[in-house]
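Good morning, colleagues, and thank you for your attention.

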Amino acid sequence: MLPLVHRFEIPPSVVVALRAFAKLPKVCLLESAKILPELGRYSFLMADPFMDLVCEKRCHNPLDETSAALRTFRSETVSGLPPFQGGAAGLLSYELGGCFEKIEPARYDD
C-alpha cells in the first residue's frame, strides 16, 4: 500500500486548508510554520481517522498498543516524500506520564 499524496504547486494557506476540512471529524494539523528552512519543511493536515485508540488503564504502556495497531498498516517508504509517510497522529494526555513514571493522579478529574 502506497501513501496517498498530492503535491501542491502553491500550497494553500493554513486558513484555506483548515476551512476545506472544517466539516470533517477530528481534524489534526501539524504545522511547521517554516521558521527554520531545515526544520520547517512539512505540514500535515488530517481528519476523519479510521481508528481511535483510547487507553483507560494506567498500568501498561499505551504506546505499545499504538505500535501494535499500526503494524497491520505498514507500507514501504517512498523516496522524495516527507519522512512521515503514515502513522498515528493525535493527542496524548498529561496523565500519560503516569505510565512511565510514578506520579500522583490528579485530585479532580477535569
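I will begin with the chain as a whole and then turn to individual residues.

Please bear in mind throughout that this is a predicted model. How many helices and strands does the chain contain? There are 2 helices and 2 strands. Read from the N terminus, their order is α-β-β-α.

Let us consider next how the residues are covered. The chain has 110 residues, and 11% of them are buried. As for the surface, the accessible area amounts to about 9900 Å². Carbon and sulfur atoms account for 58% of that area.

I turn now to contacts along the sequence. If we take the contacts between residues at least 6 apart in sequence, 43% of them join residues at least 24 apart.

That brings me to charged side chains. Side chains of opposite charge can pair when their charged atoms come close. How many salt bridges are counted in this model? The count is 1. The partners are Asp-52 and Lys-26, whose side chains meet with an N to O distance of 2.2 Å. This pair links distant parts of the chain, since its two residues are 26 residues apart. Asp-52 sits in the loop between strand S2 (44–46) and helix H2 (62–71), while Lys-26 sits in the loop between helix H1 (14–21) and strand S1 (28–30).

Are these two partners buried or exposed? Asp-52 has a relative accessible area of 47%, so it is classed as partly exposed. Lys-26 reaches 51% relative accessibility and therefore counts as exposed. The cut-off that matters for Lys-26 is 50%, because a residue is called exposed over that value.

As a reminder of the location, Lys-26 lies in the loop between H1 and S1.

Which value does phi take at Asp-48? The angle at Asp-48 is positive, about 50°, although Asp-48 is not a glycine. Asp-48 is found in the loop between S2 and H2. With 47% relative accessibility, Asp-48 counts as partly exposed.

Let me close with the residue that links two parts of this talk. Thank you; I welcome your questions.

Definitions and conventions: Residues numbered from 1 in each chain as written. Predicted model: local features only at pLDDT ≥ 70, side-chain atom pairs only at ≥ 80, totals over all residues. Heavy atoms only, no water. Helix = DSSP H or I, 4+ residues; strand = E, 2+ residues; numbered from the N terminus. Buried < 20%, exposed > 50% of the residue type's maximum accessible area, 1.4 Å probe, protein only. Contact = heavy atoms within 4.5 Å. Areas by Shrake-Rupley, 256 points an atom, 1.4 Å probe, with all protein chains shown as cover. Salt bridge = Lys/Arg side-chain N within 4 Å of Asp/Glu carboxyl O.
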